Amino acid sequence: MCGIYGYIGEKSVCEVMKGIKRLEYRGYDSAGIAIQTDLPFAEDGNTRNGDGITTIKNKGEISNLEKIVLNRVVKSNVAIGHTRWATHGQPNIKNSHPHLSHDGKWAIVHNGIIENYLELKEQLSSDFFVSETDTEVVAQMLEKYYNGDVLSTIKMVCEKLKGSYAFAIITSHCKNKIFVARQNSPVVVGYGKNYSVVCSDINSIKGDRILMIENGQFAVLEKGKLSVYDNCLKEIDINELGEIEKAGGEKLGDYSHYMQKEIEEIPIAIKRTVKAYANVETLEKILPKKRFEKIKNILIIGCGTAYHAGLVGQRLFEEEGIFCESAIASEFRYKPFTERKNTLAIFVSQSGETADTIGALKLCKQKGLKTLAITNVKNSSITFAADYCIYTNAGSEIGVASTKAYNCQLAVFYILSKYFNYLKHGDLKAYDEEIKNLRRIAKLIKYNDNKHICSKLAQKIHKARSIYMIGRGLDYNIAQEASLKLKEISYIHCEAYPAGELKHGTISLIDKNTFVFAFVTQEKIKDKTFGNINEVVAREGKIILFSPFDNANKKVCEEVKVPKIKERYYPLFIINYLQLISYYTALLLGNNPDKPRSLAKSVTVE
Ligand code: M6R
């Protein structure tokens, strides 16, 4: 959510433009750059000269900014840039970062939210403000409280802030430096010969040596040099800071979109996840028997797709006789906490940066629960916050709509459920069998020729105004994730419903123009769901049925006969159809599936 990139060294403007481009998946409402330069530019709606600093900004995707920046000869050794996902004020040029102080001597880019910004704004002259953002308040405070020393001014201002931030700041009071501060929003810094760099995303930074800045720390970047300070401004030996091993960036290659590529990679991603935990010893090292055999309850927390993966996880643990609950992180954080004994709290997050999930994790830790993170991103914030960590190994996921990461989160839950069974009963056979089964499913997805039917179904539904998805048990969980996928990139209203709940109100919305996807894969409850399907058909609703079973009601609109597999694996298998249908539907509607409107890949604000 928002991206920061700053660079000191030759061609800093080019490096920053490339850097924010790599971060664009985090937000793409508007973008901007601040350049330290003594040569003012011709001012226009996009360009504003400060005192020794010029900002250039534009609305929309970074390509819009690129057009105006790259058209000019911009030479500077110091630049900071930002790609924005709007939180305060519309996504227009004025609200874009970087923000200049009134005297033009400070420029700042920010990720996070300053919660007390209105209160702070009241203490500043209202004539100074050009934007509606929380960030501009910080720029004006830097000017107001400047005490002759830049770093101590930044520290003093930070102490007045409530909320979360990662800042990169340049100032003409102290040229050729970038100042960095962090509180609850990730930021990494790096350097090499003749350059140094700051970035909000571990996977998008380019640098020979990369270090993570901790909460409350400050960093000062110079050409080829980096200094880090603690919250009392005592310098920290950077050799003592954890150095970061970076995951390689991913290229789009021959694919049209990351989402397409990432769906295609699902089988190989599942195989990678399974391989990592194929030997039970690996999990025994991460989650030692002694510490976990007494676990009686599991609590799974996440947001969006990660929450949906947790819902499937819940059913898998329940199958093993373990009491399990799931919760949406943003809800869990603010409800009364019920004391729990022998409970493991699991936090699922692809990015490992989701503010609500990390907030819920910290709360559980405070309350004395053991915490385990399931994440895809090495060195992400959640990996430092949790007591234990399991990686999904899906490979980088760039498309905003989560696909392969979801499948790998499920794979981890299948394995974990059998691991807890092994801890309880010593049943290694069941664990090994699970590994084999998951490999089989990965193969089945790989060779399942479903592109044609998915594109046909996308054709069918793409003009719909409203769609419902129904199922019971695990089939309801399929419906939940499928409906999120479809709505987030097609913008068609789509709701998931437990099949049996439809008749308690929502069925009144079903008419001859309503498509209803129905998932029926669980033998025990299939007749019940078929009954609910009949109720929809009776109201002329158009059923699109996914099932391995013979269907008695010939009046469905479309039927996708899926192969017979062990029932517990249907969420892993069937979601692939719905990921593809969503992708094709977005394309038919002219939407960019990688950058759906109003969304961002990692949600680092509450
Ligand atoms: O990075 P996380 O897994 O914590 O992200 C959680 C949600 O924001 C995320 O799954 C979101 O719902 C996706 N865009 C869905 O495709």
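User: Before we start, what is a salt bridge?
Analyst: A salt bridge is a side-chain nitrogen of Lys or Arg within 4 Å of a carboxyl oxygen of Asp or Glu. The side chains of E434 and R568 form one, with 3.0 Å from N to O.

User: What kind of model is this, and how are residues numbered?
Analyst: It is a predicted model, in which local features need pLDDT of at least 70 and side-chain atom pairs count only at pLDDT 80 or more, while totals for chains, interfaces and linings use all residues. Residues are numbered from 1 along each chain as its sequence is written, and side-chain values use heavy atoms, with hydrogens and water left out.

User: Which domains does the chain have?
Analyst: They are domain 1 (3-240), domain 2 (258-447) and domain 3 (451-588), with bounds from an automatic or database domain assignment.

User: How many salt bridges lie between domain 2 and domain 3?
Analyst: The count there is three.

User: Which helix gives the most to the side of domain 2 that touches domain 3?
Analyst: That is α10, with eight residues; helices here are DSSP runs (H or I, at least four residues), numbered from the N terminus.

User: How many residues are in contact?
Analyst: In domain 2, 31 residues are in contact with 24 residues of domain 3, where contact means heavy atoms within 4.5 Å.

User: And what area is buried between the two?
Analyst: About 2,500 Å² is buried between domain 2 and domain 3, and carbon and sulfur atoms give 63% of that. Buried area is the accessible area (1.4 Å probe) that two parts lose on being put together, summed over both.

Terms used
Helix = DSSP H or I, 4+ residues; strand = E, 2+ residues; numbered from the N terminus.
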